[in-house]
Amino acid sequence: MEKYLILFLTFLLNIAYCVSELYIPKLPPFIKICHRSDPNWSRCMKTSIEQIKPYLKEGIPDFHIPPCEPLYIDRLDFNQTTGTSFITSSFTDIKIYNGINFDLKNIKFDVNKNELKLKIYNPYLETVSKYNLNGNIMKLPLSGNGLSSVNLTDTDFFLKIPLERYHEPKTNQEHFRVNDIYVDYNIHNVKLHLNDLFDDDKILTDVMNLFLNDNWKLIANKFKPILEETVAGKFKTIMNNIFSKYPIDTLLPL
């Protein structure tokens, strides 16, 4: 009887093992595996990301990554009140071009803290969208409803990503989860244009666009918090989609 019980328990354990394994899909062939113990891990990760970049244009369904050229954002709302400025604005149907033409300048993973740090450089980003805004900047009235274009030159993005370990019952293994992402960025220069300002008064539109471009740092600082939040949200969603699917030992084996 004891022999049959042992055989039965062994059978159940094998079944449990096989079932758990069925829920761990294989990584796509274009993913370069980088081992945590590799002393050149950062260099390996840079190579791995370079291999992924060509696939970002059409998106990567296995990772739930949407097409990234252009990257589409449905809507962003900005409401700012500071000192002499007040702006209520919304940007819709936003398309960001050249986002995949980035250079991963640095990547570090702290095994003890479970923390990932990245520095990403993008030489040129172009954004087009519909806009609607009302308010004033430095006591100058500003209103309009039309099309906008914004070009960003030489942008550095800094990301700090604390990772939380958790046990996933579907795989019976440890996975990572991202709860927060801290984003900062620096822009070397911005060129922007808003059509149809002041009921399409061409003279006032040209004057205001000239003023906005001369004072782009003031504008960028006002929009910075919501843009950082948006970037963080995009990264968080993509990373958690990947982490929920693949265990740590699959993504970052020892």
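Buried here means under 20% relative accessible area, exposed means over 50%, and partly exposed is anything in between (1.4 Å probe, protein chains only). Everything below comes from a predicted model, where local features need pLDDT of at least 70, side-chain atom pairs count only at pLDDT 80 or more, and totals for chains, interfaces and linings use all residues. Residues are numbered from 1 along each chain as its sequence is written, and side-chain values use heavy atoms, with hydrogens and water left out.

**View 1. The disulfide between Cys 34 and Cys 44.** Taking a disulfide as a pair of cysteine sulfur atoms within 2.5 Å, the count is 1. The sulfur atoms of Cys 34 and Cys 44 sit 2.1 Å apart. Cys 34 lies in the loop between α1 (2–22) and α2 (41–56), while Cys 44 belongs to helix α2, 10 residues apart. Helices and strands are DSSP runs (H or I, at least four residues, for helices; E, at least two, for strands), numbered from the N terminus. The S-S torsion is about -90 degrees, so this disulfide is left-handed. Cys 34 is buried at 1% relative accessible area, and Cys 44 is buried too, at 8%.

**View 2. Glu 174 in strand β6.** The strand covers residues 173–178, and Glu 174 is partly exposed, with a relative accessible area of 39%. Leaving aside residues up to four places away in sequence, Glu 174 touches Arg 165, Tyr 166, Pro 247 and Ile 248 (contact means heavy atoms within 4.5 Å). Glu 174 and Ile 248 are 74 residues apart along the chain, yet their C-alpha atoms are separated by 6.1 Å.

**View 3. The bend in helix α4.** This helix (residues 216–245) has 30 residues and reaches 42 Å from first C-alpha to last, close to the 44 Å expected (1.5 Å times one less than its number of residues). α4 bends by about 50 degrees at Lys 224, and Pro 225 follows within four residues. The bend is the angle between axes fitted to the seven residues ending there and the seven starting there. Among the buried residues of α4 are Trp 216, Phe 223 and Phe 243.

View 4. Most residues other than glycine have a negative phi, and most peptide bonds are trans.
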